[in-house]
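Subject: Structure handover

Hello,

Here is the structure I said I would pass on.

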Amino acid sequence: MSEDTLITALEEEALSQAERILEEARASAEGILSDVRAEVSRERERRSAEADAAMKAQRAALLNAAGMSAAGAVLSVRHCLIEEALAEAVKKFSSMHKDEYGKFLNQLFSEVKAEWERHRPLDEPLALAAPSDIGLIEAGIALKGDESVSLGVVMTTIDGSVRFEN
């Protein structure tokens, strides 16, 4: 074999090895790209799931806040209606004849006293009424005028910890 043939054989072997190395590198690169694509896909799905969960949580929080706000508005309207109804009732009862109004107050007192005796028989009550109504009520127990009572009688413990209203 001559030198030229040997060099040609070596060159062909080198080219063959280079081609094999390039093929292996391409296959390896394709494998790496495939792994990277799979990782990107998994990361995209994970982030999408996290974003979806966050949006659902935020939606639930907003719906809950809206529900609470609506419930608060309903309660506010109900409170206003009750206040108006009570003001109207006080007006009507205050316009009653004094004798009739006195009987009405004594009936209210009897009812609240009966409730007190049923539920708190061992406690000494204090009766509270509007200062203008004190002379109309036949209590038989301690009766005190209280500006916060607009109509009827309130029974309370001496320390004010328990309160019955009619």
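This is a predicted model: local features need pLDDT of at least 70, side-chain atom pairs count only at pLDDT 80 or more; totals for chains, interfaces and linings use all residues.

Residues are numbered from 1 along each chain as its sequence is written, and side-chain values use heavy atoms, with hydrogens and water left out.

The sheet is open and has four strands in the order 2-1-3-4, with mixed pairing. Strands are DSSP runs of E of at least two residues, and helices are runs of H or I of at least four, numbered from the N terminus; two strands pair if DSSP finds at least two bridges between them. Strand 2 (143-145) and strand 4 are the edges, each pairing on one side only. From one strand to the next, the twist averages 25 degrees.

Strand 3 (residues 153-157) has five of its five residues buried, meaning under 20% relative accessible area with a 1.4 Å probe, protein chains only. Val-153, Met-155 and Thr-157 point one way, Val-154 and Thr-156 the other.

Strand 1 (residues 125-129) pairs with strand 3 in the antiparallel sense over five bridges. Here Pro-125 stands opposite Thr-157, and Leu-128 opposite Val-154.

Strand 4 (residues 163-165) is also antiparallel to strand 3, over three bridges, with Met-155 opposite Phe-164. These two strands form a hairpin with five residues between them, and Gly-160 in the turn has a positive phi of about 80 degrees.

Regards

Definitions and conventions
Buried means under 20% relative accessible area, exposed over 50%, partly exposed in between (1.4 Å probe, protein chains only). Axes are lines fitted to C-alpha atoms, for helices over the stretch in contact, and angles run from 0 to 180 degrees between N-to-C directions.
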